[in-house]
Amino acid sequence: QPAVVFDMGGKFDRSFNQAAYVGLERWKKETGKNYLEFEIANETQREQAIRRMAERGASPVIGIGFGQASGIEKVAKEFPKQKFAIIDSVVNLPNVQSVVFKEHEGSFLAGVMAAKASRSGKVGFIGGMDIPLIRKFLCGYEQGVKYVNPKAEVIANMTGTTGAAWNDPVRGGELAKAQFARGVDVVFAAAGATGLGVYQAAKDAGKLAIGVDSNQNHLHPGTMLTSMVKRVDVAVYNVAKNHSPGTTVLGLAEGGVDVAIDEHNQKLVTPDMRKAVEEARAAILSGKIKVIDYMANNACR
Amino acid sequence: MSAPTLPRWAEWTLLPLANLALALGVAGLVVWLIGQNPADVIRVLLHGAFGSQRGISYTLYYATTFVFTGLAVAVAFHAGLFNIGGEGQAILGGLGAGLVALWLAPSLPAWVMLPLMGLAAMLFGMAWALVPAWLQAYRGSHIVITTIMFNFLASTLLVYLLVNWLKVPGSMAVESADFADSARLPRVHEVLQAMGIEWASSPLNLSVLLAALAAVGVYVFLWHTRAGYRLRVVGASPGAAAYAGVTPARYILLAMGMAGALAGMVGMNEIAGVSGRLMLDFVAGAGFTGIAVALMGRNHPLGVVLASLLFGALFQGGAEVAFEIPGFTRDMVVALQGFIVLFSGAMSVVLAKPLARALAWRPAQPKEHGHG
Amino acid sequence: MDEVFWGSVLGSTLRVSTPLILCAMAGLLSERSGVVDIGLEGKMLAAAFAAATTAVLTASLPLALLAAIGVAVILASIHGYACVTHPGNQVVSGVALNIIAAGLTAVLGAAWFAQGGQTPPVPDAVRLGAWLPSSALETVRAWPLVGPVLSLGLLDHSVLVYAALVWVPVVSWLVWRTRFGLRLRAVGENPAMVEAAGISVQRLRYTALALGGVLCGLAGAYLVLDQSASFVPHMSAGRGFMALAALIFGQWRPWPALAACLLFGFLDAVAIRLQGHPLPGIGEMPVQAIQALPYLLTVLLLAGFMGRAVAPRALGIPYTKERA
Amino acid sequence: MHVLDAPAAPPPEWAVEMIDIHKRFGSVMANQGVTLRVRRGTIHGLVGENGAGKSTLMSILYGFYHADVGCIRLHGREVPIGSTHDAIAAGVGMVHQHFMLVDTLSALDNVLLGSEGHFDLRTARHNARQRLQMLMRDSGLHVPLDAAVGDLSVGDRQRLEILKALYRGARILVLDEPTAVLTPQETEQLFAVLRRLRAQGTTILIITHKLKEVLALCDDVTVMRAGQVVLHARIAEVDMQRLAQAMVGRSVHLGRVEASPPQADAAQVRLVAQDLHVTDSLGVPRLRQVSLRLHAGEIVGVAGVAGNGQSELLDVLSGLLKPQNGSLTIGARTFSPQRWLDPTTARQLGVAHVPEDRYARGMVMPFAAWESMALGYEAWPRYSRWGWLRRRALQHDTAQRMERFDVRPRNIHLRCGLFSGGNQQKQVLARELAQQPAILLIGQPTRGVDIGAIEFIHGQIRALRDAGCAILLVSSELDEILALADRVLVMNHGSIVGELPIEACDETRLGLLMAGQTVAVGGGAA
Ligand SMILES: Nc1ncnc2c1ncn2[C@@H]1O[C@H](COP(=O)(O)OP(=O)(O)OP(=O)(O)O)[C@@H](O)[C@H]1O
Ligand SMILES: Nc1ncnc2c1ncn2[C@@H]1O[C@H](COP(=O)(O)OP(=O)(O)OP(=O)(O)O)[C@@H](O)[C@H]1O
Ligand SMILES: [Mg+2]
Ligand SMILES: [Mg+2]
């Protein structure tokens, strides 16, 4: 029986955690088996929740989000016979599967679309917690924007420096409004539940927004230009179905990241934009464009 | 015509129990309202808290933290002060223990390191409590407000230090590096194992003994030492304190210093005992739970210990219920805690009169004590 | 740092300050009557939850507002029952209400909407948008110099923001210029005297608490109907305490309390914009330092290092006629 | 003896009838079956010991407290008085013993409160100011209307309180100890105002401890004792002696034990105070240039109307209050205001202190009896060592002292607050006397204490004196002073206005001195 520990933000953040939830639900439907779950409410509960899952014999125990890395590492050592998995971080243990994504590639495509959609030549980025992972999003996004329009300006803000930054829609909205005031007309939020505030603000101001992790296009049709989906659902589903220790990297090629185009944003995606995205995708896949990974060298260079 | 008063024994046993029952009743109503069966919840809760070695250990582990914060409220209360700052003092305590551990643990053995961490935890918590105490004693700033403000200041300070100084570079989690092994308080199951007793693993660590020691210490201090006596005089009757030549300011500082040190010990339980590194929000509202604990326990160390066990059981059992019963969240325990504070604290006297009347409603009236 | 920047900072300041102002005015009424109001946070949170729930279920703005106000007033009445009808400890009661609100909203939210305590987003029809049509805002924005400040800073707000601002003169008038205010100020100083003057202390305090409840209700409604679009557990995030700080910082007077709220709001608005930008002369300011400033200022004020905060004399003391 | 049913026929018109009033506070029966009738248009005095229930009775009339049993008739009509609001509506006005004013508001606003008449404060103030100015002219009560009450003098506040009542159209005016805080001149002015009001038809009820005032001002008088009415009479039917006797319920002279005082050891001066001067936080002088000496083996009585500086004197001498000026010598130590005596040092120097206010000071009410028994002496080696409380010794001593002082119930674990007043007092005395002090400062030793206990306490004090202790006795009961003191100091307005050897004392003489008149006495003033 697998178990999942959602991180701060909760399984209904309509973003990262929710994607994991969707994946597990799919697994549940297909197998007819049940899984254990826990949503942590504060930082200290992570390790306890993981340990409790392990104590109950759950396997694999899946930690959603890098925040759980240290907890998984610790508990995985204590329970070497059980299986563990961590999403978005790497834990080097024989009984742990780590799943990481090439967010920079997906973000690149999002940047391409943003630059194409922007009239003002100013696009925005709102990150959740200021951590390398989010800088990775920003870095890929910036490259995509510059790829289309080298003169475009990317205005970026981070919501905060702690886990609370994933869960602060009010502040997200404020940051978005501040960016709009400076002329931004497309904003990409990689901020978990905080993003909900960003999208709402974009809608209120008649601007465009780009979702993250889950496909968030349906949240505000007409406002959501696209979503940079990170198939956490697929990852979690695979882990639940077939746990294989080691590190799994999911990028554009593996279908692990992408921009979502569906009935909710069809009208916003012009053929020109679509073409640019396809070109960029092909270039990345063929290696013609090498998208810089911020986390590889801790800088966007 | 005149209202009968509640006898003392009833004031100490019946009234708190009645208040607790009321709080549980209201919480049960809420449980029922959200479509759960209160009886099921209670059953799972009790089983989760006491039904297994592991459950008991977890209960004790939570209780340990609550004993510290509860005593921190109780000691201050005996000096007539309402210490809402347990949260901040506990944060500082953890910070103290953590800083010492990060700094010295690699080079010191456990038997030096652990006492040092305990000392640091107490000193940091104490220092944090002494500022509002000093402001109250010498500048008349109301301690309730200043301690609230100090809670916020403490948590921003912790965030600042963790984010800017203590975080492992390149790591994404806002946590310090792991402490060296010498800075870890042994877990109870490890100790028992070393003694040849099998016991389920749990976060319960040796700070549970420190908590017991603290409760005894506070009891002895308050009722068996001169300083404790004077502290209680200051709290119970400022006029009598002046008459007896006791300087209130000094005892305000003493009481809050002790309170801060006690709350700081939460750092030992959570940081040295469980997480083994400094992290955000490790106090998790225990400072506020301490208020409920002290109110329930009537500010007596024994009462605080009992109330801590109650709350420990509620927290552990509540977590278990959250696991077992879908749709039930641990927040229910938080709400219950709120009801207990309301009924045992703010409305504690509301039931006194009807209760007294119920008790007095007997055919034969017991004779009152004689008059001079 | 141009007009646009200042315009958006001003706008942000007003938006962030709005719940603070409403709560500070609520606290002012309550504390002027001699009842400590630590429960602002809880009342606001509960009201936000009520507003969101009602809005989601009924899609009606008036009902949502009414629910928010109703819930806050009920909590205020519980406070009153414990501390006005009975001589309960006001601080303990306030703390209890905060804990109950934090726990209960999450429990009920989780049970009713099965989204981990969140509510679904409130329907657009219920949300309070900008007061002026966007075309008008665009026109104003084009004006030279003052355009951005006016449009971004002052005009682009929902009616609740202006309502909060309007409450300040109203409360000020109520407190200083009316019969009710005279009695309110008197009962906070010396309740026995008010009773001796033939006025019911209890009724007066309940009235003050209920009025405060109305204001807290509006503050909560603002959080979910304007600032954000759904209820999230613990979303009040210490704003009630911040308002309390502002109230003390403003020495229990409406206008200075407003100034304190705006100052705190401004600090917040600037803090999120200055992240990572070095300040001239100071270098990069840690966000935490700015966040801590309101609390630090309040402590300094209380310590008497900057003026003296003199609380209403009867504040926090239960009024009973029986001694000991 | 008791003239409970005053003149029979023809029945005068009663302005106030309070019939069979009962009121209980916790365990205290403050009023039990009180019946009080007041003739219309008269000034009616209400006297009685502390705690007799006078204020309670009047507060019931004013609707501040609610009687457990009883009914009230005003001008012949029964009125249900459930709140102060009802009382005011029925034309009752009250000036409370403790001022009911808000310091932060202006005098005008204080008057206004509760009878604003208009929602808008400015209009209300405008209307009120005009009416008040007329009222002030008519009544002769002048108060600066725009000053904050906190800045007003005590006399101004007193006048303001009366104005407040009159402003509400009070036809029945209750004054609770209005003269306790007034100067003689102010008192005279007040009485003039009251007489004028009486002439205008207002009925006045006045509580006072100064019997002279009753005789000078009132038409009728009612005496209360222990919650009951014990005397009700026309003023012409009573004299000072009779009133005093009714108040305390026994022959006024408890009598001295010894015919002539034992000779104090004049050579052995235990305490010398020089030119003590104390000003309170409001800037009002409380002690003015007070000098005194205490010798071994004498009881020096301090007589005076309450509030004339006796309390401050005790506080200064026991180290609780620092004077602005003066010096104090106890044994070999001399203190100046820069380094004043503190209570701990005082105890070390052998100064014991029985405080006037046992409730707020003498004991810690929530503590067990044995715990209060250490109050002030907790640091003494007998009661603590190395910082540890020696509970055993303390409990042992408590039990012993309870036995010796016949404290009832004899339960060392009973909470202090649960003992009756007299038994509390015995415990405080037991604690202080047990130290075999060189100097004993004692305030109101028998306030609220029954006769048997009084005799016992008096005996203890005398025994201590005979053992060579120097005793300063402050009492507002002249009898007590006359029964115990060997030498009497009289205080008025913070000064010692007379010093008499006990042989030269009689009530008239002391009374005159207490009232602030100087008399030529053989002993001469200090
Ligand atoms: N509010 C109260 N609560 C409890 N006990 C009270 C209260 N008011 C009065 N008492 C008690 O009732 C009794 C009568 O008090 P009251 O104030 O009426 O006396 P008094 O005759 O006015 O005395 P004094 O001359 O000292 O003013 C006293 O024992 C007093 O302690
Ligand atoms: N000011 C006060 N407020 C409240 N309670 C008081 C006050 N003064 C005294 N008491 C309490 O009221 C009770 C009765 O006090 P009181 O002085 O009337 O005793 P008593 O019945 O006359 O006994 P005794 O015969 O020993 O004097 C005691 O428990 C005492 O502690
Ligand atoms: Mg009185
Ligand atoms: Mg008595």
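Four salt bridges are counted between chain B and chain A, a salt bridge being a side-chain nitrogen of Lys or Arg within 4 Å of a carboxyl oxygen of Asp or Glu. Keep in mind that this is a predicted model, where local features need pLDDT of at least 70 and side-chain atom pairs count only at pLDDT 80 or more, while totals for chains, interfaces and linings use all residues. Side-chain values use heavy atoms, with hydrogens and water left out, residues are numbered from 1 along each chain as its sequence is written, and chains are lettered from A and ligands numbered from 1 in the order in which they are written.

Take Glu320(B) and Arg52(A): their side chains form a salt bridge at 2.7 Å, N to O.

Now for the contact as a whole (heavy atoms within 4.5 Å). Chain B puts in 31 residues and chain A 29 residues. Together the two chains bury about 2400 Å², with 54% of that on carbon and sulfur atoms; buried area here is the accessible area (1.4 Å probe) that two parts lose on being put together, summed over both. On the chain B side, Tyr58(B), Met172(B) and Phe323(B) lose the most area to chain A, together 31% of what that side buries.

Over in chain C, Ser60(C) sits in the loop between α2 (40–58) and α3 (61–85), helices being DSSP runs of H or I, at least four residues, numbered from the N terminus. Ser60(C) counts as buried because its relative accessible area is 18%, and buried means under 20% (1.4 Å probe, protein chains only). Leaving out residues up to four places away in sequence, Ser60(C) touches Ala55(C) and Val126(C).

Notes. Helix = DSSP H or I, 4+ residues; strand = E, 2+ residues; numbered from the N terminus. Buried < 20%, exposed > 50% of the residue type's maximum accessible area, 1.4 Å probe, protein only.
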